[in-house]
Amino acid sequence: MADCIARLPEHVANQIAAGEVIQRPAAAVKELVENAVDAGATRIEVRIKDAGRTLIQVIDNGVGMTEGDAQRCFERHATSKVRSADDLFEIATKGFRGEALASIAAIAHVELKTRREESEVGTRVLVEGSAQQPVEPCTMPVGTQFAVRNLFYNVPARRNFLKSDAVEMRHIIDEFQRVALAHEAIHFVLFHNDTEVFNLKPGSRRQRVVGVFGAKYDERLVPIEESTDVVAVEGFVGKPEFARRTRGEQFLFVNRRFIKHSALHRAIVEAFEGLLSPSAHPLYVLFLTIDPHRVDVNIHPTKVEVKFEEDRSIQALLRPAVRRGLGRFQVAPTLDFDQESSLNIRELEPGATVVPPQVTINPNYNPFESERPSAPRSPAQWLEKRPSSAAIGAWQAHYAAVEVPALPKTEPSGRQEEPEVARTLFFFRNRFIVTAIRSALLLIDARRAHQRVLYESLVEQLESVAAPSAPTQTLLFPEAVHLPPADTLQLMEAAPWLRKLGLHFEAGSDGVQVTGMPVEGESTPKDLIDAVLAEAEEEVEGISREERVAAGWARRLAHRPGKVLGKEEMEDLVDRLFACSTPARDPFGRPVIVTFEDAEILERFR
Ligand code: ADP
Ligand code: MG
């Protein structure tokens with residue numbers, strides 16, 4: 001038998017490595033920007049098109065490469081940064097595996113232009129799927145320019161796996177921010193589709209943090225500075241009253257490298273004990289400086305997780321350091337989180353993702369027995385949006401036939417001819433509407449019912465092609481909502497469909513100016529915007545971001561828990577609920593209605 005083992009061709013090996021190193025456009029951005037930092041650049045410009053699918057361009061003014069280096073840099077394990085295994089323990093640069101460029105070149109069309117100071121002309125190299133074309137001379141300033149086009153063009157599985165532009169761009173911004181925060185002396189610029197998102201001039205650490213998060217943050221920062229002979233910590237934490245309900249503004253760096261370390265994270269958050277509500281996430285941007293011999297950065301391909309020899313002593317330093325910082329600035333525990341606690345209504349945690357419920361609707365329950373098959377509904381049907389007029393008719397028919405002999409009518413009976421007069425609605429425990437249909441007693445959770453109603457009407461607005469914007473309540477005075485630049489970008493990109501939901505706004509200085517709000521419901525511009533931003537962080541299979549925002553808004557716009565409803569409000573709500581396609585569940589899949597069948601009731605009176 002012939003031998004079976006063959007060496008993988010280089011381009012195949014590269015593609016495999018690419019899967020590990022470059023999972024999404026953000027990873028390519030990270031590698032290219034870190035290379036530019038390593039090259040000693042003082043200005044780094046990043047230009048992104050279509051969240052990196054079409055183009056990722058990184059332009060630096062660093063040392064550049066010689067023609068020979070430009071030719072070699074796409075080879076695997078080509079690196080100028082490590083010469084021996086011993087070097088690994090003294091790494092001060094970002095990259096060292098020599099894998100990034102080979103990986104990117106294996107899965108994209110890459111153009112490299114580079115020039116060193118001592119050469120008059122630059123070098124231009126084109127690589128497509130690891131196939132390198134002969135180099136050409138080019139004119140350009142000193143430095144290096146990478147253009148990565150059509151990422152994953154030859155890896156359809158990867159390409160299809162990419163999330164929406166909003167999510168991919170969020171990842172890119174995360175990576176960009178991590179590098180920018182760690183290098184305040186470098187001028188960083190980021191464009192997305194020709195819109196300037198960041199223009200961060202060189203400055204102090206504080207200026208950099210404020211540049212990244214927005215001018216409002218200047219007053220929110222508490223400086224931290226402390227050191228022992230093993231480690232020094234420096235940076236900022238946010239005042240507790242500005243802690244956000246979504247995670248995200250938490251950055252820990254070791255020797256200017258962004259890391260994730262759960263024990264250290266805990267140590268920092270513990271320092272806020274007693275100052276924060278449990279659902280709030282404090283901001284921190286902290287820089288640890290440790291002798292590189294005591295850090296092992298080489299334990300993960302993307303190098304976010306690190307090991308320390310001195311784990312414990314670092315933790316022991318961090319907590320009191322942050323605590324002291326907070327104390328020094330006499331940060332008062334002024335907490336302001338609108339907590340909704342009445343009757344133990346369990347709300348969706350802010351920032352939590354909406355999971356389509358594993359719907360096992362009780363097949364025996366169906367207020368419209370005659371209208372619909374009684375099969376349990378699938379999640380897809382659960383998300384069905386169209387209110388059917390048949391449902392309205394059925395509900396009214398039921399109502400018309402309601403007999404409630406025992407209960408006195410609250411209204412003078414002058415309107416006897418109208419069918420609604422037969423209704424008896426009763427508000428129970430400031431939460432439930434109690435009513436009856438032909439063969440059952442119903443308990444309706446008023447707030448959840450309202451969420452369902454709002455949700456379906458929002459989704460209907462989203463889907464209506466005719467109306468470019470939903471009715472809106474124009475604000476007499478536009479309301480400024482201050483946002484970090486990254487959030488402003490996200491929001492501006494969502495503006496067209498948010499308009500359909502009734503939220504009108506314009507780009508303002510340092511955030512947006514809200515000019516119109518949805519007509520129905522009680523909420524604030526800030527609250528609705530928070531809901532939009534929270535939904536950009538994750539993607540849920542099967543439910544679009546727009547629908548999740550609609551659900552988040554329904555939650556925020558709905559009657560507050562415990563709100564007392566009058567008779568007419570109850571009637572209106574019940575009518576609209578039963579005009580919904582899925583009245584039985586709220587947008588988060590929780591039950592809206594509980595029924596007690598006549599038979600069941602009679603059984604109990606036996
Ligand atoms: P690594 O960064 O791990 O060394 P890369 O594949 O990212 O590996 O880069 C390979 C080599 O290409 C680097 O070691 C460096 O010599 C060179 N290089 C990459 N990007 C730049 C740049 N922007 N400026 C100068 N040299 C660069
Ligand atoms: Mg590198």
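Before we start, one cut-off: a residue counts as buried when its relative accessible area is under 20%. Keep in mind that this is a predicted model.

**Exercise 1. Work out how enclosed helix H14 is, and find what covers it.**

Step 1: List the buried residues. In H14 they are Pro525, Asp527, Leu528, Ile529, Ala531, Val532, Leu533 and Ala534.

Step 2: Eight of the ten residues of H14 are buried, so the helix is largely enclosed by the rest of the structure.

Step 3: Look for the cover. Strand E20 (472–482), helix H13 (485–500), strand E22 (511–518) and helix H15 (545–557) are among the elements that lie over those buried residues.

Step 4: Zoom in on one residue. Ala531 sits in H14, which spans residues 525–534. At a relative accessible area of 2%, Ala531 falls below the cut-off and is therefore buried. Skip its neighbours within four places in sequence, and Ala531 is in contact with Val549, Gly552, Trp553 and Arg556. The C-alpha atoms of Ala531 and Ala550 are 9.0 Å apart, although 19 residues separate the two along the chain.

**Exercise 2. Find the residues that touch the most other members of the largest nonpolar core, and say where that core lies.**

Step 1: Pick out the residues. The core has 67 residues, and Ile44, Phe74 and Phe188 touch the most other members.

Step 2: Check for another core. There is a second, separate one of 32 residues, including Leu491, Trp497, Leu528 and Leu557.

Step 3: Go back to Phe74 and trace its surroundings. Not counting residues up to four places away in sequence, Phe74 touches Leu101, Ala102, Ala105, Val110, Leu112, Val125, Val127, Gln132 and Phe146.

**Exercise 3. Trace the partners of strand E4.**

Step 1: Start with E3. Strand E3 (residues 109–115) and E4 (residues 122–128) are antiparallel and share six bridges. Thr114 has Thr123 in E4 as its bridge partner. The hairpin from E3 to E4 goes through six residues.

Step 2: Move on to E5. Strand E5 (residues 131–132) runs antiparallel to E4, with two bridges. Here Val127 is opposite Gln132. This hairpin has two residues between its strands, and Gly129 in the turn shows a positive phi of about 50 degrees.

Step 3: Finish with E6. E4 pairs with strand E6 (residues 136–138) over three bridges, again antiparallel. Gly122 is opposite Cys138 in E6.

Key. Residues are numbered from 1 along each chain as its sequence is written. Chains are lettered from A and ligands numbered from 1 in the order in which they are written. This is a predicted model: local features need pLDDT of at least 70, side-chain atom pairs count only at pLDDT 80 or more; totals for chains, interfaces and linings use all residues. Side-chain values use heavy atoms; hydrogens and water are left out. Helices (H or I, at least four residues) and strands (E, at least two) are DSSP runs, numbered from the N terminus. Buried means under 20% relative accessible area, exposed over 50%, partly exposed in between (1.4 Å probe, protein chains only). Contact means heavy atoms within 4.5 Å. A nonpolar core is a set of buried Ala, Val, Leu, Ile, Met, Phe, Trp, Tyr and Cys residues joined through side-chain atoms within 4.5 Å. Two strands pair if DSSP finds at least two bridges between them.
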